[in-house]
Amino acid sequence: MTALTLTNVNKSFGTVHVLKDINIEVNEGEFVVFVGPSGCGKSTLLRTIAGLEDVTSGELRIAGEVVNQTPPSKRGIAMVFQSYALYPHLNVRNNMALALKQAKESKETIEARVAEASRMLSLTDYLDRFPSELSGGQRQRVAIGRAIVRHPKLFLFDEPLSNLDAALRMNTRLEIANLHQQLGATMIYVTHDQTEAMTLADKIVVLRDGRVEQIGSPMELYNNPANQFVAGFLGSPAMNFLPANLLQDGNPNTLGVRPEDLFLSEDGLLQVTSKHVEHLGGDTNVIADCHGHQITLRLFGQHAIDAGQSLRLGIAEGKSYYFDAAGARLS
Amino acid sequence: MNSARANPINTFAMHGALILYTLIALFPVFVILINSFKTRKMIFREPLALPDAESFSMVGYQTVMKQGDFFLYFQNSFLVTVGSLTLILLFGAMAAFALSEYRFRGNMLMGLYLALGIMIPIRIGTVAILEMMVSTGLVNTLWALILVYTAQGLPLAVFILSEFMRQVSDDLKNAGRIDGLSEYTIFFKLVLPLVRPAMATVAVFNMIPIWNDLWFPLILAPAEETKTLTLGSQVFIGQFVTDWNAVLSALSLAILPVLVLYTIFSRQLIRGITSGAVK
């Protein structure tokens, strides 16, 4: 069954057209990540689904029902915000219970659900604290708890990890992944971080300038990008783009090669000069110059390469992508 | 702690400046207070001397209590000030919330229109206001004063509060909407507590001019039963003879409630600032 269907959704603020003909279908239990550079409309799209913004045209269905006119609290959704957005005047227990109290649930239900959520998120010891007495990670867990207690049809996450430091971000990412497995709930997650997108998603929606660029599983998008934008956006370090005629085959298009698909080879096609070498221990990243174009090469293991060294690079068989001048993929 | 603050010379200079300013600010109040307890002769002979056994006199306070209904004046002033402040803060905050939170046609124009009042002194309209009050039968009622002061205070209140409300996190309000809170609950429970310092500022800015005003009470509500404290004190100031004992005593009494209100609001102000800092 589909948990969420967007049909030709458009959104304008005055004369600014922010979302353009968005069509997305999300199946029940799926973890869908909206990803794109800042300003691509991904947060607006999420807020539209939440009902915090009206759609200008198009149809929005949650669990089969059209919800274009339904207020946010009646849509069966729960949202976790980037800034946590905890109520400063309520303690953790009441922060989580507020929505249920508003929905006039019985006292026992409320207590049971708060207990369940706080056990899942190990917040049991903090129930009587106020948000100002919690650390960043704990606040984010409370925000997630506030979503869980509602048993929503749809979880919405708006860049929930961007305010956390790197170590905590990784832990919380795992927690969210676990949560998704435990609850089996449908989740929609907005981020600009392609690592989060790749690690969490069942399905990624890549957005640019208010348009859907491509929808698919992380590996589909990685291995088979529809255009130059998607190819460049997913993967770290990012895909290299070079004029294809550097290979002297007279091809006028753009060649894309992922850094890990390049290898050192005596009779390689590309002649480059290394400019900077990053030794990461497990990997070695070489940033090199190829006839005035920057190219990144990712080698596994440790390699003794110096800046300024001349290298010849080969491209792994079947791992080159071609894009036309407009950025569309050529097969 | 940074070195500039720890330096004893800097500390001394800073506290010295603050103490000096405090003395200058308190001096008139001090002179009023001490002289209100002295005999008329001693007020003029040695205005700066403290009251002693010889010069001590409560005659001013006795006059104030006897002549005119001082407690009624006091009550009137208090009702007018508190009433006006309540309405200014309530309507000012509501208008500011609407202007800062909702996108609607003419939002900008409405904001400008409401702010225009800051630039036009309300006293220019005195004659028209008086005519209006006469035709609505509000002359010589406290409502006349409350309405005029509310109108006078609203423009600045809307202006200041809408600036502060724009800074309240959108996420917080949206979280409330998703949790099913009504717009009123969001306004009263989430937004107002966060703009409390701004509310206290607006209250303090408006309170003193209203309490001290002589113009509108004199014109709109000069009747005995609606006299405010400032107007009531004027009976002791004559064209030829002024009962200084009574004037000074009345002023001393008038200062007290303002002090109390100010203390309440400034504590709110400080609490608001610190609660914002730890968040």
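The model is predicted. E3(A) covers residues 31–35, and because five of its five residues are buried, the strand is largely enclosed by the rest of the structure. Buried here means that 20 or more other C-beta atoms lie within 10 Å of the residue's own.

### Pairing of E3(A)

E3(A) pairs with strand E8 of chain A, residues 186–191, in the parallel sense, and five bridges connect the two. Within this pair, Met187(A) of E8(A) is the residue opposite Phe31(A). E3(A) is also joined to strand E9 of chain A, residues 203–208, by four bridges, and this pair runs parallel. Here Val33(A) has Ile204(A) of E9(A) as its bridge partner.

### A four-stranded sheet in chain A

Chain A also contains an open sheet of four strands in the order E11-E12-E18-E19, with antiparallel pairing. Strand E11 (240–243) and strand E19 (329–330) of chain A are the edge strands, each pairing on one side only. Strand E12 of chain A (residues 254–257) and strand E18 of chain A (residues 320–323) are paired in the antiparallel sense over four bridges. Tyr321(A) in E18(A) is the bridge partner of Gly256(A). In general, strands of a sheet pair through backbone hydrogen bonds, in either the parallel or the antiparallel sense.

### Domains

The domain assignment gives chain A a domain 1 spanning 2–232 and a domain 2 spanning 237–330. For chain B, the domain assignment gives domain 1 as 1–57 and domain 2 as 67–278.

| Domain pair | Distance between C-alpha centres |
|---|---|
| Domain 1 and domain 2 of chain A | 37 Å |
| Domain 1 and domain 2 of chain B | 30 Å |

In chain A, seven residues of domain 1 are in contact with ten residues of domain 2. The side of domain 1 of chain A that touches domain 2 of chain A consists of four nonpolar and three polar residues, with no charged residues.

In chain B, seven residues of domain 1 are in contact with seven residues of domain 2. On the side of domain 1 of chain B that touches domain 2 of chain B, the elements giving two or more residues are helix H2 (8–36) and helix H3 (40–45) of chain B. H2(B) provides the largest share of that side, five residues. By class, this side of domain 1 of chain B has four nonpolar, two polar and one charged residues.

### Contact between the chains

The contact between chain A and chain B takes 19 residues from chain A and 14 residues from chain B. On the side of chain B that touches chain A, helix H9 (170–178) and helix H10 (183–194) of chain B each supply at least two residues. H9(B) gives the largest share of this side, six residues. The side of chain B that touches chain A is made up, by class, of seven nonpolar, three polar and four charged residues.

Methods. Residues are numbered from 1 along each chain as its sequence is written. Chains are lettered from A and ligands numbered from 1 in the order in which they are written. This is a predicted model: local features need pLDDT of at least 70, side-chain atom pairs count only at pLDDT 80 or more; totals for chains, interfaces and linings use all residues. A residue is buried if 20 or more other C-beta atoms lie within 10 Å of its own, exposed if 12 or fewer, and partly exposed in between; C-beta atoms are placed from the backbone. Two strands pair if DSSP finds at least two bridges between them. Domain bounds come from an automatic or database domain assignment. Two residues are in contact if their C-beta atoms, placed from the backbone, lie within 7 Å. Ala, Val, Leu, Ile, Met, Phe, Trp, Tyr, Cys and Pro count as nonpolar, Asp, Glu, Lys and Arg as charged, and the others, Gly among them, as polar.
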